[in-house]
Each structure stands twice: as structure tokens, then as C-alpha cells.
Amino acid sequence: MRVNGMSLHLRPQSFFQTNTQIAQAMYAQGREWVAQVQPRTLWDLYCGVGGFALHAAQVMHGEVTGIEISAEAIRSAQRTVAEQGLKGVKFAAGDATEFAVNTRETPEMLVVNPPRRGIGERLCAWVEGSGIEYVIYSSCNVKTLAADLARMPSYKPVAARLLDMFPHTNHYEVMVLLQRG
């Protein structure tokens, strides 16, 4: 799938936004926010085939790590990395929450694009206590986004964008750039 000039691979069982124009806008917005912050390290949790991570890597001079439960999606992302010749980008299959809470280091910037259920209490608690300065939270469910943000009171929205995922329906994507305040 061509997205913003990059070929993203989509193996069977890999999640990808079905509205390609909105996916392009989401990844471009994420890349813009990453370019503004210029982190040296970034984690993309719930990364799917790596859309946010791969776009972030285009504007970073550091390390990008993507974590996704679907091994097929990770194989897709790894193939894209190999074909694009991107350096400092790695993907691994695993549970996003378990990865975060069990890894000793923390990134300078975090991207989360969870399923409708949100990131949940345990990952919110970890993020709140992590010291990470910037978080990009992309959500298809404003109710779980609001609940997760309430669990991370030290973060304040500094930018937001609403994307109409499927026009004439109630499906949308909300992206929020959060900064520890």
C-alpha cells in the first residue's frame, strides 16, 4: 500500500486503516509532531504495520521501536524497513503494555494507537510515572481516550486533530499531542 510515498506491506491478519486517505493524513500529522519535538528515541505501541513509526523515522536521528501483538503485522513492518533501508528502526511482536512495563529504559516520545478499548489503567499508570515528555495518542473512541487521559493527569493537550474516518458515519480518529505539564 502506497502511503505518503512509502510502500507499506500488509500481510494477512495485519491491521491497517481501511480509509487510505485518512491513514495518510494521520501518519503525516504524527510525522509533523515528531519533527517538532525531535526526540532521540520513540516507541510506537500498538503499531500495526508500522505506519506511525516508519513516518517518524523519516524525520528522526535516533531509534524507533514499534510493538504490536500481531506477528504478521510485525513481519510487514520489518519488510518495509528492509526495503526502505531505514536505520535505527526495529519492530517486535508482543503485548504493548507488557513491553512498556517490563523494559528498563523509556523513550523520549511515545506514540499509542490502541484498539477501541484504549490503553487501559495499567499502561496509563506506567506512562504517568515514566517521565516521558511527549505522547501522541491516536484514538478511534473518544470515550476511552477521555478515560485514559483522566488517568494521566500530568499530560496536557498541546495540539489535536479530528479526522473523519468514514464520512457520513460516526467513525472518526482523534489525534492528540500531549506534553507533560
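Modeller: We will go from the whole chain to one strand, then to rings, loops and cysteines. This is a predicted model, in which local features need pLDDT of at least 70 and side-chain atom pairs count only at pLDDT 80 or more, while totals for chains, interfaces and linings use all residues. Residues are numbered from 1 along each chain as its sequence is written, and side-chain values use heavy atoms, with hydrogens and water left out.

Colleague: Thanks. How many helices and strands are there in the protein chain?

Modeller: Helices (H or I, at least four residues) and strands (E, at least two) are DSSP runs, numbered from the N terminus. Here the protein chain has six helices and nine strands.

Colleague: And what share of the 181 residues is buried?

Modeller: A residue is called buried under 20% relative accessible area, exposed over 50%, and partly exposed in between (1.4 Å probe, protein chains only). Of the 181 residues in the protein chain, 50% are buried. The accessible surface, computed by the Shrake-Rupley method with a 1.4 Å probe, comes to about 8,600 Å², and carbon and sulfur atoms account for 51% of that.

Colleague: How do I read contacts along the chain?

Modeller: A contact means heavy atoms within 4.5 Å. Take the contacts between residues at least 6 apart in sequence: 69% of them join residues at least 24 apart.

Colleague: Which strand does S3 join through four bridges?

Modeller: That is strand S6 (residues 109–112), also parallel to S3. There, Met 109 is the bridge partner of Leu 42. Leu 42 lies in S3 and counts as buried because its relative accessibility is 0%. Leaving aside neighbours within four places in sequence, the contacts of Leu 42 include Val 34, Ala 56, Val 64 and Pro 107.

Colleague: Now the rings. How many aromatic pairs does a search of the whole structure find?

Modeller: Rings of Phe, Tyr and Trp (its six-membered ring) pair if their centres lie within 6.5 Å; planes under 30 degrees apart count as stacked, over 60 as edge-to-face and the rest as tilted. The search finds three aromatic pairs. One of them is the edge-to-face pair of Tyr 27 and Phe 52, at 5.0 Å centre to centre with 85 degrees between the planes. This pair links distant parts of the chain, with Tyr 27 in helix H1 (residues 20–37) and Phe 52 in helix H2 (residues 51–57), 25 residues apart. Both Tyr 27 and Phe 52 are buried.

Colleague: Why do Trp 43 and Trp 126 count as stacked?

Modeller: Their ring centres are 5.8 Å apart and their planes are at 10 degrees, so the pair is stacked. Trp 43 sits in strand S3 (residues 41–45) and Trp 126 in helix H5 (residues 120–130), 83 residues apart. Trp 43 is buried at a relative accessible area of 6%, and Trp 126 is buried at 15%. Ring pairs also bring in Phe 99, giving a cluster of Trp 43, Phe 99 and Trp 126.

Colleague: What should I look for in the loops?

Modeller: Gln 38, in the loop between H1 and S3, has a positive phi near 55 degrees. Tyr 46, in the loop between S3 and H2, has a positive phi near 65 degrees. Gln 38 is partly exposed at 38% relative accessibility, whereas Tyr 46 is buried at 13%.

Colleague: Last one: how many disulfides does the structure hold?

Modeller: A disulfide is a pair of cysteine sulfur atoms within 2.5 Å, and the structure holds zero. Cys 124 is buried, with a relative accessible area of 0%, while Cys 140 is partly exposed at 22%.

Methods: Two strands pair if DSSP finds at least two bridges between them.
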